[in-house]
Amino acid sequence: MLEARDLRVVYPARGGRAPALAVDGVNLQVRPGEIVALIGESGCGKSTLARALTGLVAPTSGQVRYQGEPLDPRRMRAFRKQVQLVLQDPGGALNPRQNVFDAVAEGPRLHGERAGLRDRVHTALARAGLRPPEDYVRRHPHELSGGQQQRVVIAGALALNPAVIVADEPVASLDASVRGEILKLLLSLRDQLGLSALVVSHDLGLAWNIADRVAVMYLGRIVETGTVEDVLLRPRHPYTRALLSVLPESGERIVLTGEPPDPTRVPGGCRFHPRCPVRTTGCDTVDLPILPAADAVACPEVTP
Amino acid sequence: MLEVRDLRVSYGAAPAVRGVSFTLGPGSTLGVAGESGCGKSTMALSLLRLLPATARITGEVLFKGENLLTARWSRLRAVRWSAASVVFQGAMSALNPVRTVGDQLSEPILLHDRTTPKQARQRAADLMESVGLPPERLRAYPHEFSGGQRQRIMIAMALACRPDLIIADEPTTALDVMVQAQVMDLLARLVRESGSAVIMISHDLSVLARLCDTLAIMYGGRIVEHGPARDLLTDPRHPYTRALAGAFPAIGDPASRRNPTGLPGDPPRAIGDGCAFAPRCPDAGDACRTGEVLLRPSGPARSAACVRVPEPRDVRVPEGEIHA
Amino acid sequence: MSRYLGKKAAAALVSFLVTLVIGFVIFSLMPADPVRTLTRGRPTSEEQLAQIRIQLGLDEPIWYRFLTFAGDTLRGELGFSWQFQQSVSSLVAERIGPTLLLMGTAAVISIALGLWLGVHSGWRHGSLFDKVSSGASLTLWSVPTFWLGMILLVLLSGWFPSGGMSDPALAAAGLDHVLDVARHLVLPALTMVLVVFAQYVTVMRASVIDELGSPYLLTARAKGLTDAEVRRRHAVPNALLPSVTMIFMHLGTLVTGAITVEAVYSWPGLGYLTYEALKIPDLPLLQGTFIIFSASVIIMNLLADVAYRFLDPRVRAQ
Amino acid sequence: MKRSGLWGAAVLAAFALLALTAPLYIGADQLDVVRVDGPRLAPPSGAYPLGTDLAGRSILHLVIWGSRESLGIGLIATALTVLLGTAVGLLAGHFQGRAGQALMHVTDWFIALPSLPLAISLSAVLGQGAASITIAIAVTSWTATARLVRAQTLAVTARPFIERARALGAGDRQVMLRHVLPNVMPLVLVSSTLTVASAILSEATLTFLGLGDPTSVTWGSMLQTAFSGGAVTAGAWWYLMPPGLAILLVVLGFTLTGRAVEHLLNPRMVQHA
Amino acid sequence: ASASAGTVGAEPAAAPATTLRAAMEGSGVDTLNPFLAFFNGALDVFGLVYPALNSLDPSGAPGPYLATAWEPSADKLTWTFTIREGLTWSDGKPITAEDAAWTLNLIRTDAVAGTANGSLVSNFAEVSAPSPTTLVIRTKAPQASVPYTSIPTTGIPIVPKHVWEPLAKNLKDAKNDVFPLVGYGPWTLTEYKHEQYARFSANKKFVLGAPGFDHLVLQSFKSGDAAVAALRSGQIDYKAGVNPTQFAALQADPAIAAVQTVGNGWMGLEINHNARTRSGKKIGTGHPALGDPALRRAIALATDKQTLVTKVIDGVGQLGHGYLPPAWPQWFWKPAEVTPYDPAQARKVLDEAGYTKGADGVRIDPKSGRPLAFRFGIHSDDSADAAISGYVVGWMKEIGIKLTIQSLSMSALNSDLAKGDWDLLMDAWTTGPDPTYLLGIQSCGTLPKDDGTGGNTDSFFCDAAYDELFKKQLTTFDQAERAEVIGQMQDILYKANVNQIYYYANGLDVARKDTVTGLTLGTPDASGVYPSQTAFWSYLKATPPQVTKKAEKSTNLWLYVVIALVIVAGGAVIVWRRRTTGDDRE
Ligand SMILES: Nc1ncnc2c1ncn2[C@@H]1O[C@H](COP(=O)(O)OP(=O)(O)OP(=O)(O)O)[C@@H](O)[C@H]1O
Ligand SMILES: Nc1ncnc2c1ncn2[C@@H]1O[C@H](COP(=O)(O)OP(=O)(O)OP(=O)(O)O)[C@@H](O)[C@H]1O
Ligand SMILES: [Mg+2]
Ligand SMILES: [Mg+2]
């Protein structure tokens, strides 16, 4: 459905720094009715990938494809109706001067779909779990709790009847007790409306909670993809393993040394080699090929 | 060593901490968890009277027998850092951006240990090494360090005067998973070595479970459950603790696969009568909505503030008292 | 750092060039026949008038005047004053000293006073001290400078000299002269300080209040520092950073604030020169002072950038 | 803060009322030098509560009448300032590419121009009078608004709701008008009260320097006449004080009101207060 | 004149040196180069430090100075001046006729040197010095005013040839700033700070009498009030030319002598009646109706000059009539029939001339059909203009004429003036004892040429009879006769009503009684006074009072007091803060 092909996003150099290779060759596919979780450390390029997939950042090279067609800048409006973005910070994602109704109605209005607007907004709100909608339409964002705000944002996306939702850390800023409810909502939308979703997170537990497939990202590249069960229960890439090992339940911990990676200084060879616990000679010289969209792992040291 | 009795804090008319009591022995570690705004930081900072002037504090904070809430300011300042230090949430901003790390590390040493500047420098260098940073970097400014390194410096600073108590307020929240693991391991090691008691605050139960012997769960300004860390996680008694534990699914646990759990409703804003949790409680009764629900024993060395909790035996802990 | 400096200096230079163009455009739009104004009713023959026009360069075409002007300015020549029959540069050179003295004194006092008050008001904002000092500075800020000057002139001119920079009856050197100039300086400097210090109070106060919530202050208090130590060692250095820029920018405006004060007190500085140029108007002189003032503001802004750069370790390294 | 804001607003309301109703109780013949018959420069008395000016007119009347033009110039200059500054700032902040940078450079050049000398030069060029003073003030003060609006536009643009609007399909115009402008405007309004304050001060200053119309009645021109007419020597405090105090009160009124509104709008400040 | 210990100069320290301190003339000094300077402040200085051929006697007539005698030849074309012997410049070189001849010739022949004073010698054909004591001036046409050519202040100062000859090539850049200035006069300029002060020491050997003070200081004040405040506080002893309000206030001060001298200038209205060039080509945008003498007379009838005198200058001045001011009684003229203030008559004149009222009460010009709505230009920097304009607008309104005030800078006003782009204009002139120039402004020769240049007119007045008389007065060497001719000229002007003189403001001088006496302050009756500091007489004759005050104690005493107070207060604050921060709460 929504697909990234050899996608690359480079942020131009700024203030004496080198250009940032935020996304540096990514193949990723979200199939119809599928929830894909994109997992990775801070700064590895997850949000950039999500923005590129929604057409908010122009790729430096490579393609974003929707339903098999490459994204055409001239048909962006139509594309925007189909693919919706849900952001991390619901408080910030709502214009403080718009009430709930206007916030949800904004999408349809922008696309000139004014007919039956009220019903559409109310349905979207109800679907997002704000029931009864009448209680909410007049409120302003600051009169809502964080969870409610996130529901309004989701309702705003639903109002356009999209086919895919790209959610960038949808629960990171929410309280632990509220998090589950929002995730439930995403699951139920998939079940009821057949929505596909790409959920970006740094939290492996989230993937376990809702995703069908996982992609693990490191420094602009995807290092491992596969079904949730495969990747999380039988991790193969040393990076995935390390991530899983520091969770409280896990047994022996592999705490990686070194600093989080910096996209302005991408090491040669395997990008993970400076921190890799199992690295061998050659890891720092031999460039690895870009992973295909299919389930795969980018480490020559692990046998498939 | 530390005994807190019926601590209450309010900002103007709004109560933030509504009667918290606990005791803490030397060298023991208490973890405090709870969602944002439940009063964790307020509680912790009020121990050393570090709250803004708008906060009104009542109750007693007996630190080695001395009530810090009524102590003279000069006396209190003597206690601060030398006997009880703090690691703050977000070391990015808890370090002064325009002064060198070395300056800031040696500042409390100079102040409390009355050493020469040279000795203070030496001690600062030792501290840097103990948290795995080269002592040459004492001359650097905070912005020249990464987030994890800054947090390590903050920890080194907390240990500077070899305090009896360290209060750590969400020391790793802003950090990446991997860095978080690094820092927590370091903190655990240092605390073990120094033998200081620790009050550790986090909203992430899993983080606390690694480090703390005892856990206290706060909700709406109160402790709603308290007991040994392991027990609380595996067998939560209070419905809120249960929800909190559920939010951090164990990977591989089929119960949580494609089944996120959470609580309906929102964290409380204004707290009315009755149990603060009642509006969100899946099985709240009328009693919960009207009467006060206080901590009651709920098992060996544990207690919970829920009417549903079966009282194991007749041993009643005095109201609202817990011991760690 | 040097790259940064170079870039800023280049930007400042561009600003200055633009100023030249703007300055020239403004002043060549002005309809003016200064010749008869200058002769002020003195007997003048037709030939004399023509001669003066030639002397003033009024008969040149406009593009030629611009080229001469731009070239001269870049060489430090600001043209020839119509009324003083003297080069503007030499007039400016003559007057810049008194202005710097007045501005310097006023700036030092008002910065010191303003920052001190600002720090203390901000630190204890809402206190009586804060209310009084912010109230007073707000009120004084709302006062037209020249009016305050007049009022002080009415009230205090018996005690302090009311005009000029020194008493010509005294020798122009030695301690007596210094004290004499100081005496003359009192009223104009006081006027400037009273009007200007408020800006520093406001800036610094806001800056300190901004810092108040910073966690590092909490750290400092938790370390057991006294209130004053926290303020001095931690809050003030940080609060100064954002203020420094503002302070320098205000310094630029302070220079131009000299115009009315110098006019009221006949202080023989650049502001007074502007005032005199304005009466005719003596365009080359007005243009010259305009360029000097612009240059000083540009330089102050440059200094603000540099100072900020220098003071803040976060950007210093880059 | 709130209370001082109320005081400020009350002072402004009072002046506005006086200014608007002045024609009802001040007839043309009370300001016309040909018709008045008061004593020259007389101190306050029953008939002339604030004394008289050099032509024998009641200073009370002059001050009240002066508020019309002083306030008028202040408000019109501010309106021009806000219009120009908001447009430039919004465009420069929104289009962060070359166009926006170029716009900002222009603004920076203007900022580098010292405002008083520029205003002096401008109104010297434009000729004496209220119109040129108004234009001079607007030309010299729009940069501050532009900067503020640009900074605020950048801040607002960086907020996620702009990204959300874009993701929903909003174009530049929609983003600017529907999302950025409403969030920038309150701050602009606050800052415009401060602009009015400084515009009134500038008007007085420029008029004092002799760039105004000496025959019109404004506070600045009253002070100018008083100054050049020897009121200081004559000790005619009743001539010097009222216009100056009126300026002070109005400027203070605008400043206090502006700050109070700013407080209401800026929750961060409220937290600290 | 504080008798402060004179540390300046090299005089013997026997008696304390005395200093007369005066406010510099308001306009200040533009340049010390006497060939270029225009401002009165500069002319004042030259009058004090450079000699002239003639001085002025109390009646305003030329008196002896460098010249002891001056005679025209029979054909009235050659003047012979006998120059005093034995005078020396301040550097010891003798002053001879050659100095005077060189100076006058330079001005006559060199365009730059003629910048300021060229017009005074434009009629000179040749100046020579056949002997050190004889100066011969040959004029192109007879010129009665030759003895006024070189008088202190308003005439040409004679400069030492040996100093200026090397400078003559590049006169434009000569700053003349080597002190003491080489010159001769009652004073020597010893120090000069531009726009601050000029400092002189007395020339005790001055030929017309030694100055009473040892030093003279002229201090610059840009604001009159600052100067007056300085006078009150004793910083200065004398100020000429305060405004009526200040004057009234100072009259009440017992320590201060406030004296009026009769005015040497007028304030009035110029009317643009048919602006045209020398060849008669119409120019400008002036209102055509103003060419009608009836309308101009109506304007004069409707103007209440007495009110202006009372209200605008607080009564300290005289009602204006003739073109020349009363300070020079020899030329002063009064009309036989004074135009009264009579608005009714004015209305009648207008009605009869056919100016009927339009709907809005403004009359219509029957010829052009345009309403009588005029621009009224005033000087933006002149408060009197602004005050007067208010009245004039009111009076004109009463007779159905609408005036719109245009406040313009001097320079803008002058640029409009030459182009004829105006209707009514406020104007003011002052003049020295020789009226030639002022009278000349109204002659046809001052109209602009067709290319717009060369104009030096005020109201585009051009009258054949007037021009005839103008030539005649120049050749009339007898003062009484000449006055007669000049009177006729003023009569023509008066009747034409193109420049309506409102008033002659008195010079208002103020001096401290305790520090200076003998200043030549005038009386308002015009007889035998030197208006303000005409020539150098006033400063020359001033003396310190017999009983001088005890020398003032250190003027800096209070400064030390203030410094001490500040230190004490600062210390107190610090101590107080130390105390209160002992156990400060947070
Ligand atoms: N607009 C930008 N200009 C320049 N560099 C940018 C920009 N946005 C992001 N980057 C850089 O690109 C890299 C990837 O950023 P991105 O936001 O995609 O990471 P992320 O994985 O979403 O991180 P996080 O978990 O912190 O949100 C980061 O190093 C960041 O500094
Ligand atoms: N300075 C203050 N003034 C007024 N109210 C405050 C202040 N600080 C905190 N509060 C309120 O007190 C309550 C408890 O705040 P506190 O910071 O202790 O929560 P917390 O549990 O530490 O939350 P978090 O996990 O977000 O740090 C909150 O409702 C908060 O809004
Ligand atoms: Mg991100
Ligand atoms: Mg907290």
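1. Which side chain has an N or O atom 2.6 Å from an oxygen atom of ligand 2? The side chain is that of Ser41(B). This is a predicted model, in which local features need pLDDT of at least 70, side-chain atom pairs count only at pLDDT 80 or more, and totals for chains, interfaces and linings use all residues. Residues are numbered from 1 along each chain as its sequence is written, chains are lettered from A and ligands numbered from 1 in the order in which they are written, and side-chain values use heavy atoms, with hydrogens and water left out.

2. Two further distances describe the setting of ligand 2. An oxygen atom of the ligand is 3.1 Å from a polar backbone atom of Gly39(B). An oxygen atom of ligand 2 also lies 3.1 Å from an N or O atom in the side chain of Glu170(B). The protein covers 60% of the 630 Å² of accessible area that ligand 2 has on its own (Shrake-Rupley method with a 1.4 Å probe; for residues, only the protein chains shown count as cover).

3. The shell around ligand 2 holds 13 residues, where a residue is counted if one of its heavy atoms lies within 4 Å of the molecule. The closest are Ser36(B), Gly37(B), Lys40(B), Ser41(B) and Thr42(B). Helix H1 (residues 40-47) of chain B gives the largest share of this shell, 3 residues; helices (H or I, at least four residues) and strands (E, at least two) are DSSP runs, numbered from the N terminus. The shell comprises 4 nonpolar, 6 polar and 3 charged residues. In this scheme Ala, Val, Leu, Ile, Met, Phe, Trp, Tyr, Cys and Pro count as nonpolar, Asp, Glu, Lys and Arg as charged, and the others, Gly among them, as polar.

4. Between chains A and D, 24 residues of chain A are in contact with 17 residues of chain D (contact means heavy atoms within 4.5 Å). The two chains bury about 1,900 Å² between them, with 52% of it on carbon and sulfur atoms. Buried area is the accessible area (1.4 Å probe) that two parts lose on being put together, summed over both.

5. How many salt bridges are counted between chain A and chain D? The count is 1, and the side chains that meet are those of Glu163(D) and Arg51(A) (2.5 Å, N to O). A salt bridge is a side-chain nitrogen of Lys or Arg within 4 Å of a carboxyl oxygen of Asp or Glu. The interface also has 11 residue pairs in polar contact, both residues at pLDDT 80 or more. A polar contact is a pair of N or O atoms within 3.5 Å; within protein, one must be able to donate a hydrogen and the other to accept it, and residues adjacent in sequence count only if both atoms are side-chain atoms. On the side of chain A that touches chain D, the residues divide into 11 nonpolar, 7 polar and 6 charged.

6. Among the 7 pairs of chains that touch, chains C and E have the most contacts. Their contact takes 65 residues from chain C and 69 residues from chain E, and they bury about 5,700 Å² between them, 53% of it on carbon and sulfur atoms. The count between chain C and chain E is 0 salt bridges.

7. Some chains do not meet. No contact joins chain B and chain D, whose closest C-alpha atoms lie 10 Å apart. Chain A and chain E do not touch either, and their nearest C-alpha atoms are 32 Å apart.
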